[in-house]
Amino acid sequence: MTWLSKTISSFGLVLLAHACYSAHEHSALQSLRATSAALSASSASTSLPIDISIETIVGLFITVLGLVSGTPYLRPIQWRVWAGKIEREGEQGFLKSNGEVEKDFVGNPFRVLETRPGFVDIRSQRKEFAGLEDHESRRGSYGKAGRSGHVARKLKHWAIFRATSVVPNENGSSSNDYPDDVEPDVLNEVIMAVDMKDNGTVGCAYYVALDEALFLQQDIPLAGIELVEMLILHVEPTTVLVSIRGPDNLVAFLEVGAQDFKGNRNEEGGIRGAHILRTLSSVEFNYESAKSHLMNLDIDTLSPQTMHFNTVTGEEVEGAADVNGSRQGKLMRLATWIDLDSRISIGCAGAVLSDIQRRKAAEYLPHDPDARFAFRVRSIEMFTLQNTMFINADALASLQILGTESHPNYVNEGDKSKSGAKESLSLYGLFHVLTHTAHGKTKLRQIFLRPTTDLELIYERQRTIAVLLHLENSADVGHIGKLLRKIKNVKPYLLQLRKGVSLSSGRVAIERSTWASLQAFCAYAIELREAIQKIQGSEDLLITARIINGIRQRDLIPVGELIAGTVDFQQSKEARRTCVMQGVSAELDELKRNYDGLEYLLNEIAAHLVMEIPEWARQYVKNCIFYPQIGFLTVVSLNPKTGRGNYEGEGLVDDSWERMFVTDGDIYYKTRRMKELDGQYGDLYCMIIDKEIDIIHELGVRILEYEEPLNEASDLCGELDSLLALALGAEKYNLTAPQMTSTNIIQIEGGRNLLQELVVPSFIANGTLILGGSGGGSEDETIVSDVMGDVPSVVVVTGPNHSGKSVYLKQVALIVYLAHIGSFVPAEQACLGLTDRILTRIATRESVLRNESAFAIDLKQAAFSVNFATRRSLVLVDEFGKGTNAMDGAGLVTALLDNFLNLGDGAPKVLAATHFHEIFENNFLPASPRLAFAHMDVRVDLDTDNIDDQVTYLFQLRPGRSTSSFGSRCAAMNGVDAAVVDRAEALVLLLAHGEDLRAACARLSEPETARLEEAEDNARSFMEMDLSGPSRDRGGRSLREQLCDILSGSSAVSASQ
């Protein structure tokens, strides 16, 4: 502010001050004049004089003028204008006349943003790249080696967040702004999000910039870090996203293989990091927000539509809802491409979409045309790990592979660790009861949840089961089962040691404590290692080699010896705590000897004390005792009258008796002698406890040095237990080893449904022969067709209700599934080709949580099968289309089967069951060598009187199709009223003859005809009545009586009389 502006402002302030003082004086004068009531009543105005008002206005104007004249130039209101001025002009734009820089110059206005970790200055790098291109263009051509060195580094740094679109030029070749020998890093960008829940379920989704595709994985339960490692190897991401609430072991594993903040690769443990690890908020992985992100994509451009719908008449309905535009419609279409039940993977997909949206917003300005081509999502697909069969939750539930029943217990209410769930009748439930250990059950469940397409792994499991089933090995296998029952999973105990918890509580016996369990595990694991080597034929098994190499005596024996030489289990059982054996610590042994000799010591001290006190007081001093944490005390009897001790140290010199507490008529004192004993011996019990805690802690530290071999041995025991359960199940349920082949075929002889045969008195076995597409590159399927003739890829099964069609479809799928987990199968003989996916449209899992109708769920399952099936897939379709009218249902089934038939070499193996016989009677489905019909045979005898004997189900699969579903007979067998059944059969017969059902339904029965004739006679009699004449007829009856006679039917009699 200059001297002129200061002078003007000061003068204005003086005028304002004078005006304020004048206004104050005027107010005081008016108050004095108001003493007279008459005067105050006549003069009510208190306005200021005009000169004071003018002085106030002038003073305010002069003050504002002075302040404005001394104020520097104002900044622009818009921050981008001000920041742009600073960035363009720098200090030169803020120089004063004296050469000094104005204080408003703050330097780089984006300094706070640019100093954030991970910030990339795109504008400066664009300028640098433009300058580099201009420099190289002036240089002309240059060597390829130099170009790939300098330019590639510049391009790599510049194109981290830059996406481009490669457009073909006129001659058909692709052209872009990059050198031919340098590929932008953004095209190699693979953004992956992975998440793991506490129960071990892993979900994953990743985006490939080159393909502009988003991939989602089916949620995999009971997984671990090894699965995440497989995902990293499978996807090879450049960026990995993880939730901030993710498990510590997941984050630690990803950090080992990640780059540091400088871009250097971490090479600890021999793992060369190739990805950037980013931690996001858990909100980014939310399931609902992820669904919103997915529905916000342009669904119409994701993939071509596989089905088109139209009305029967072809007319467009007015006011029809926009299915594609509504949220529910988008959700239904989205469910045909991905499995919306995989909640964790859906959340990972939302995190990926949020990340690429954030990158696009950070790099591109609004309305930038290049932003349209950056990080586009043009397709969404499901993916599975290599050598893993895909099966979703619908298929698991429909085939009853897994089944959990909830058994609530109010005792466990609120305890999340105890779900109260038990395995119901399921395929896994048949085998899991045959396991011997808890970790064996977990490993067996992992095997059932991860069917494999690795032939070597399948053959290895089959060989293991075959060896365990040899008759000469039955005794050794029984011994191994007994050993496994004694082996516990040591992982929870090792986790307790890491937490510092090793003492057994009062509710846990010392025999089941951490130390006892670890010691028993080491002993029985070594014995198990020796037992597995005694099995004949086991020397060639992979599990035997892994057990011999993984359960190492040099690691387990020291653990057992350390525990046996440190923990005194007998004393621990008596003391209900972990006690240390004698000889481990000389200091601890000395403390224990002193503590054990306290009784003799206290007797001597009490005798010495009695000799020191007066003779009259000796009768009141009872003894001396020791209390942990309190020390040595003298016990004196209580005087009930005074509430004090009968003796309190009277007659003793320099000895003060401090009262500690009173109990049971005695007072406990701390005397000088007791304090000396406290200082000499201390708190022996607590010292013993502290010393034992130190020794036990040291033991735990030494045991944790063997944590890795202990975990490995525990996992091997669980794996052996799971394979043993498969072998015991094969023996119990009479299973045979299938022949696995790479040929895309399913050939089963004498197949059975394991679950169904457990609930029926007898089960009829059936065979299957079906051949999938060759894929155009394999001749195996062609050879099979030449040898066996035309083998179908689609088999349509018909037959009456209750005849076993659904059981047969599930039977084939269960046999294929068991074969892919390496188990034997319920069949006399089976030759099965590798199947990559089992897709089902069988069961409709309705729930109030799903805002979908039953038919919509069926459509979603069918569409998912169409979009996701490959030539090696097995598709099961059971009574699809039953949720709508017969015409639409038949059309849907026909279109679905025709779609699979027209896939040619890419056709999957399809088993379908339907009751729409009009499809075949009217030849809606054209004949094809890849299409075959079969039916479940029945014996019909409608002449028998017994309803239950009219239709006899033989449950035998026969070639050809059935002519009727016998629905009315099934209704009669299930207790439907005979009148309803007869009426239904009559209508079915009329429909079969092509008659008009409306006319048929309009016909009256005999009782209805009689009632109608009676009503007509009454009406005619009423019309014949003479209502204009006298009120009584010739018989003297009134009108009321005449009407009563008509309604009662007596009018005819009266007329005749």
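**Checking the words against the numbers**

Me: Among contacts between residues at least 6 apart in sequence, what share joins residues at least 24 apart?
Reply: The share is 69% in this protein. Contact means heavy atoms within 4.5 Å.

Me: What kind of model is this, and how are its values made?
Reply: It is a predicted model: local features need pLDDT of at least 70, side-chain atom pairs count only at pLDDT 80 or more, and totals for chains, interfaces and linings use all residues. Residues are numbered from 1 along each chain as its sequence is written, and side-chain values use heavy atoms, with hydrogens and water left out.

Me: What is the mean pLDDT of the protein?
Reply: pLDDT is the predictor's confidence in each residue, from 0 to 100. The mean here is 77, and 74% of the residues reach 70 or more.

Me: Where does pLDDT stay under 50?
Reply: One stretch is residues 266-273, which has 15 contacts beyond four places in sequence in the model. Residues 304-324 are also below 50, and that stretch has 15 contacts beyond near neighbours in sequence. Where pLDDT is low, the predicted coordinates should not be read in detail.

Me: How many helices and strands does the protein have?
Reply: There are 39 helices and 25 strands. Both are DSSP runs numbered from the N terminus: helices are H or I with at least four residues, strands are E with at least two.

Me: Why is Thr 798 called buried?
Reply: Buried means under 20% relative accessible area, exposed means over 50%, and partly exposed lies in between (1.4 Å probe, protein chains only). Thr 798 has 0%, so Thr 798 is buried. Thr 798 lies in strand 19 (residues 794-798). Its contacts outside four places in sequence include Thr 914, His 917, Phe 920 and Arg 961. Across the protein, 42% of the 1057 residues count as buried.

Me: What makes a group of residues a nonpolar core?
Reply: The members are buried Ala, Val, Leu, Ile, Met, Phe, Trp, Tyr and Cys residues, joined through side-chain atoms within 4.5 Å. The largest one here has 125 residues, and Phe 448, Ile 703 and Tyr 817 touch the most other members. Helix 27 (residues 707-732) gives the most to this core, with 11 residues. Apart from it lies another core of 60 residues, among them Phe 864 and Phe 900. In soluble globular proteins, nonpolar side chains tend to be buried together.

Me: Which residues are in contact with Phe 448, leaving aside neighbours within four places in sequence?
Reply: Among them are Ile 401, Phe 431, Leu 726 and Tyr 817.

Me: What makes strand 3 and strand 6 a pair?
Reply: Two strands pair if DSSP finds at least two bridges between them. Strand 3 (residues 190-196) and strand 6 (residues 239-243) have 3 bridges, so they pair, in the parallel sense. Met 192 stands opposite Val 240 in strand 6.

Me: Why do strand 7 and strand 8 stand at the edges of their sheet?
Reply: The sheet is open, with 6 strands in the order 7-6-3-4-5-8 and mixed pairing. Strand 7 (276-280) and strand 8 (379-383) each have a single partner strand, so one side of each is left without a neighbour in the sheet. The twist averages 20° from one strand to the next.

Me: How do you know that strand 17 and strand 20 pair?
Reply: They share 4 bridges, in the antiparallel sense, and at least two are needed. Strand 17 covers residues 745-751 and strand 20 covers residues 829-833. Glu 749 stands opposite Gln 829 in strand 20. Helix 30 (residues 805-820) packs on the sheet and touches strand 16, strand 17, strand 18 and strand 20. That sheet is open, with 4 strands in the order 16-20-17-18.

Me: At what angle do helix 16 and helix 27 pack?
Reply: The angle is about 65°, with axes 9 Å apart. Axes are lines fitted to C-alpha atoms, for helices over the stretch in contact, and angles run from 0 to 180 degrees between N-to-C directions. Residues of helix 16 that meet helix 27 include Arg 461 and Leu 468.
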